[in-house]
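Work through the exercises below with the sequence and the 3D view open. Try each task before reading its solution.

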Amino acid sequence: MSRADLNRLLGDLQKTPDLLEEARGVTKDPEAAVRWAGAKGYDLTTEEVEELVASDRELTDDELEDAAGGEDAWPPPGGGG
């Protein structure tokens, strides 16, 4: 078990959409996901895979709004829009 590998995988998933799609394809079976991760160079346990799956969820409207800059994001200050 390597918490560092889990953190590294999470970072790589955020940066690499293709890797994220591959991961989503194997997450229904934690043991298959552990094998997939091992083949990619990540040493994970089934518990870590389950944690990873639990964190992969849809964003709420509020979270999307915050990511987009909130209600005051447009028009930009200074009347640029």
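**Exercise 1. Describe the chain as a whole.**

Solution. Of the chain's 81 residues, 22% count as buried, where buried means under 20% relative accessible area, exposed over 50%, and partly exposed in between (1.4 Å probe, protein chains only). The model is predicted, so local features need pLDDT of at least 70 and side-chain atom pairs count only at pLDDT 80 or more, while totals for chains, interfaces and linings use all residues. Residues are numbered from 1 along each chain as its sequence is written, and side-chain values use heavy atoms, with hydrogens and water left out.

Next, list the elements. The chain has five helices and zero strands; helices (H or I, at least four residues) and strands (E, at least two) are DSSP runs, numbered from the N terminus. Along the sequence the pattern reads α-α-α-α-α.

Last, look at the contacts (heavy atoms within 4.5 Å). Among contacts in the chain with a separation of 6 or more, 47% come from residues 24 or more positions apart.

**Exercise 2. Find which residues of helix H3 are buried, and state how they are arranged.**

Solution. Step one: helix H3 covers residues 30-39, and its buried residues are Ala32, Ala33, Trp36 and Ala37. Step two: seen down the axis of H3, these buried residues fall within an arc of 135°, so they line one face of the helix. The arc is that of the directions from the helix axis to the C-beta atoms.

The face of H3 turned away from its buried side carries the exposed residues Glu31, Arg35 and Ala39. Step four: find the partners. The buried residues of H3 pack against helix H1 (3-15), helix H2 (17-26) and helix H4 (46-55). After H3 comes Gly41, with a positive phi near 100°.

**Exercise 3. Work out how H3 packs against H2 and H4.**

Solution. Begin with H2. The axes of H2 and H3 are 8 Å apart, at an angle of about 145°. Axes are lines fitted to C-alpha atoms, for helices over the stretch in contact, and angles run from 0 to 180 degrees between N-to-C directions. From H2, Leu19, Glu22, Ala23 and Val26 take part in the contact, and from H3, Ala32, Ala33 and Trp36. By class, this contact of H2 with H3 has six nonpolar, no polar and one charged residues. The classes are these: Ala, Val, Leu, Ile, Met, Phe, Trp, Tyr, Cys and Pro count as nonpolar, Asp, Glu, Lys and Arg as charged, and the others, Gly among them, as polar.

Now take H4. H3 and H4 pack with axes 9 Å apart and an angle of about 100°. That makes H3 roughly perpendicular to H4; angles under 35 degrees count as roughly parallel, over 145 as roughly antiparallel, 65 to 115 as roughly perpendicular and the rest as oblique. Pro30, Glu31, Ala33 and Val34 of H3 meet Thr46, Val49 and Glu50 of H4. The contact of H3 with H4 has four nonpolar, one polar and two charged residues by class.

**Exercise 4. Which residues of H4 are buried, and against which helices do they pack?**

Solution. In H4 the buried residues are Glu48, Val49 and Leu52. Seen down the axis of H4, they fall within an arc of 100°, so they line one face of the helix. Exposed residues Glu47 and Ala54 sit on the face turned away from the buried side of H4. The buried residues of H4 pack against H1 and H3.

For the H1 partner, read the geometry. The axes of H1 and H4 come within 11 Å and cross at roughly 30°. H1 and H4 are therefore roughly parallel to each other. In H1, Arg3, Leu6, Leu9, Leu10 and Leu13 meet Glu48, Glu51 and Leu52 in H4. By class, the contact of H1 with H4 has five nonpolar, no polar and three charged residues.

**Exercise 5. Is Asp12 buried or exposed?**

Solution. Asp12 is placed in helix H1. Its relative accessibility is 18%, so Asp12 counts as buried. Leaving out residues up to four places away in sequence, Asp12 touches Leu19 and Tyr42.
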